[in-house]
Amino acid sequence: MGAMTALPLPSYHIRPSFGWINDPNGMTYAAGQWHVFFQHNPAAPVHNAIHWGHVTSPDLVTWTEQPVAFGPTSGGPDAFGCWTGVFVPGLERPAVVYSGVADDSHQSSVCLRWGGADLLEWSDPLVVAHTPRDAGVEIMRDPYVFDRDGHRWAIVGAKLLDGDGAVLLFDCDDILSWNYLGVLAAHHDPVFESLPTIDIWECPQLALVGERVALILSAWRAGRLEEVAWVTGDLESHDSTLSFTAQQAGFLDTGNAFYAAHVVNTDDASPLLIGWIREDARPDDALPVAGCLSLPRRLVIDGDGVRCVVHPDVATALPDEDSPERLGPGDHTLPAAGVVYLHGRGRLVGRGGSVGVGGESVSPGIALADGDTVWVDSAVAEVFPVAATASTWRTQVAWTLHLPEGSGASVHRIEGQLRERRSDGAALDQGAGK
């Protein structure tokens, strides 16, 4: 696969300067900075020995790579990896929770680490919840903590012993001792059954917009990472528990490279969302990084369901507005870093190579419509239609835009690069759009 690689690393999407990156974790805003953590192997661009990487930004546009937050604890509950989790809101001191895996059985417990005020230093892990196998749960992973009706709750993805994929519910008012309450949602529910079958729901997230509620779920099927889905419904309190009544379901992203969406609910706007843009491991490749994260997005929940758009601050700050390039009918090789605004119809093609995970091919291309926006960053393309479902793609050669007669586009270049770590290992700025 290494010989096929022809493109440089993405320049304005979040990624480490070296190693592997997958699921975004623990996103939060503290002391004037956004913090995004992520699944990370700092030793090689392969999925192994998972730590939590860390970047910060004052504006969701310009990112600084910080030292690795923490990694597996020898002989501890996360000795086999520190997997997906979230920042815990509402505590007196910073904390994150995540799936700790102790050995190659892949069974997990929920681990908590206390953080320093700057979120750079972290305690050793404490186990706060175990897989409730005696209650019919085969495996669980990826805790998500939220507040609702004056209480703190957590949902966790799971596979039940009967084979059904599920979302579990925990009471975690006592953040150090979680209480299992049962299954909040299961795939055999008629609304969930409208989605493809799964073995386990991974990375369950809960988007809250007033009274509107949506579960965001990533599908693990036959050992493969598949689609990211949404399910809207009613979340109601009943004595000491919650219930979720599903209403409708759909897909959050229809490309082949988006997974593990991470949601942060905010008080003043629609929820923030960021996801992993997948890439195969690079064990024998000259390029030093595998994978990146998506652009920060906002979630929109309305009567038609759930969709995401590029965060407006990012959409405004990244493009170079002083030098648009106008494109007419024909085939155009797109710049390595830029945003394309469609005026009419078009087709985005990654010629000559397979894209994403599993060797799927984009050819004959991705259909585009009037008003669509395409964010291109080397191998990556994020496509945002007008009021419709986004799609995220990866190719192995330069993206080409085909415009038929009567159509056009404008292209704004984006200046951004990730400067490599200094030899002493200190983190350097990942500048974008500045």
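Val-55 counts as buried, at 1% relative accessibility, where buried stands for a relative accessible area under 20%, exposed for one over 50% and partly exposed for values in between, computed with a 1.4 Å probe on the protein chains only. The model is a predicted one, in which local features need a pLDDT of at least 70 and side-chain atom pairs count only at pLDDT 80 or more, while totals for chains, interfaces and linings use all residues. Residues are numbered from 1 along each chain as its sequence is written, and side-chain values use heavy atoms, with hydrogens and water left out.

Val-55 has its place in strand β3; strands (E, at least two residues) and helices (H or I, at least four residues) are DSSP runs numbered from the N terminus. When neighbours within four places in sequence are left aside, Val-55 is in contact (heavy atoms within 4.5 Å) with Ile-14, Trp-34, His-35, Val-36, Phe-38, Trp-63, Thr-64, Glu-65 and Gln-66. Pro-319 is 264 residues away from Val-55 in sequence, and the two C-alpha atoms are 22 Å apart in space.

Strand β3, residues 51-57, pairs with β2 in the antiparallel sense over 7 bridges, two strands being taken as paired if DSSP finds at least two bridges between them. Within this pairing, Gly-53 of β3 is the bridge partner of Phe-38. Strand β2, which covers residues 33-41, is mostly covered, 8 of its 9 residues being buried. β2 also runs antiparallel to β1, to which it is joined by 7 bridges, and Ile-21 stands opposite His-40 of β2.

Most residues other than glycine have a negative phi. In the hairpin of β1 and β2, with 2 residues between the strands, Ala-31 takes a positive phi near 50°. Ala-49, found in the loop between β2 and β3, has a positive phi of about 45° although it is not a glycine, and this residue is partly exposed, with a relative accessible area of 34%. Asp-239 lies in the loop between β15 and β16 and likewise has a positive phi, of about 55°; with a relative accessible area of 86%, Asp-239 is exposed.

Glu-382, by contrast, is buried, with a relative accessible area of 0%, and has its place in strand β29, residues 380-384. The side chain of Glu-382 makes a polar contact with the side chain of Arg-297 at 2.6 Å, a polar contact being a pair of N or O atoms within 3.5 Å of which, within protein, one must be able to donate a hydrogen and the other to accept it, with residues adjacent in sequence counted only if both atoms are side-chain atoms. A polar atom of the Glu-382 side chain also lies 3.0 Å from the backbone nitrogen of Leu-295. Not counting residues up to four places away in sequence, the residues touched by Glu-382 include His-13, Ser-294, Leu-295, Trp-375 and Thr-392.

Grid points are joined across faces, edges and corners, and a volume is the space filled by probe spheres set on the points. The search of the whole structure finds 2 cavities of 30 Å³ or more. The second largest cavity has a volume of about 50 Å³, and among the residues that line it are His-13, Ile-14, Trp-63, Ser-294 and Leu-295.

The largest pocket holds about 910 Å³ of space and is lined by 40 residues, of which Glu-202, Trp-220, Leu-225, Tyr-259 and Trp-276 lie nearest its centre. The largest share of this lining, 5 residues, comes from β15. In the second largest pocket, about 520 Å³ of space is lined by 22 residues, with Pro-89, Tyr-144, Val-264, Asn-265 and Thr-266 nearest the centre. β9 gives the most to the lining of the second largest pocket, with 5 residues.

How values were computed. On a 1 Å grid over the protein atoms alone, a cavity is a set of points where a 1.4 Å probe fits but cannot get out, and a pocket is an open set with protein on both sides within 12 Å along at least five of seven lines; lining residues have an atom within 4 Å of a point.
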